[in-house]
Amino acid sequence: MIEELKSDEVIKKVGGRFKLTALVQKRLGELMQGARPLIEDIEGRTTIEIVFQEILRDKITFSDT
């Protein structure tokens with residue numbers, strides 16, 4: 001998980017640190033309110049790890065709207 005945070009890959013994929021922060025915050029809220037994870041291998045992962053995996057696997061993206 002720490003490696004994912006240090007990686008520029010996830011920042012570039014979303015389009016910058018601000019967009020990454022906004023996307024993570026929004027998705028964490030959705031998951032905490034009961035939304036289902038978009039990846040299957042969630043066993044043993046924290047909610048933030050799930051969000052980062054969803055981003056890295058192109059399951060969620062940042063939308064300006």
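Helices here are DSSP runs of H or I with at least four residues, numbered from the N terminus. With that in hand, let's work through this predicted model.

**Exercise 1.** Find where aspartate 58 lies and which residue it forms a salt bridge with.

*Solution.* 
- Start with position: aspartate 58 belongs to the segment after helix 4, which covers 47-56.
- Check the backbone next: this residue is not a glycine, yet its phi is positive, about 60°.
- Now look for a partner: lysine 13 pairs with aspartate 58 in a salt bridge, and their closest N and O atoms are 3.0 Å apart.
- Lysine 13 sits in helix 2 (residues 8-14) and aspartate 58 in the segment after helix 4, so the bridge ties together parts 45 residues apart in sequence.

**Exercise 2.** Decide whether arginine 27 and glutamate 54 are buried or exposed, and describe their link.

*Solution.* 
- The two side chains form a salt bridge, at 2.7 Å from N to O.
- Arginine 27 is in helix 3 (residues 17-32) and glutamate 54 in helix 4, 27 residues apart, which makes this a link between distant parts of the chain.
- Both arginine 27 and glutamate 54 are buried.
- Widen the view: Arg27, Glu30 and Glu54 are connected in a salt-bridge network.

**Exercise 3.** Describe the largest pocket and its lining.

*Solution.* 
- Begin with volume: the largest pocket holds about 180 Å³ of space.
- Its lining has 10 residues, and closest to the centre are Leu23, Lys26, Thr61, Phe62 and Ser63.
- Sort the lining by class: 4 are nonpolar, 3 polar and 3 charged.

Methods
Residues numbered from 1 in each chain as written. Predicted model: local features only at pLDDT ≥ 70, side-chain atom pairs only at ≥ 80, totals over all residues. Heavy atoms only, no water. 1 Å grid on protein atoms, 1.4 Å probe; cavity = no way out; pocket = protein on both sides within 12 Å on 5 of 7 lines; lining within 4 Å. Points joined across faces, edges and corners; volume = space filled by probe spheres on them. Nonpolar A, V, L, I, M, F, W, Y, C, P; charged D, E, K, R; others polar. Helix = DSSP H or I, 4+ residues; strand = E, 2+ residues; numbered from the N terminus. Salt bridge = Lys/Arg side-chain N within 4 Å of Asp/Glu carboxyl O. Buried < 20%, exposed > 50% of the residue type's maximum accessible area, 1.4 Å probe, protein only.
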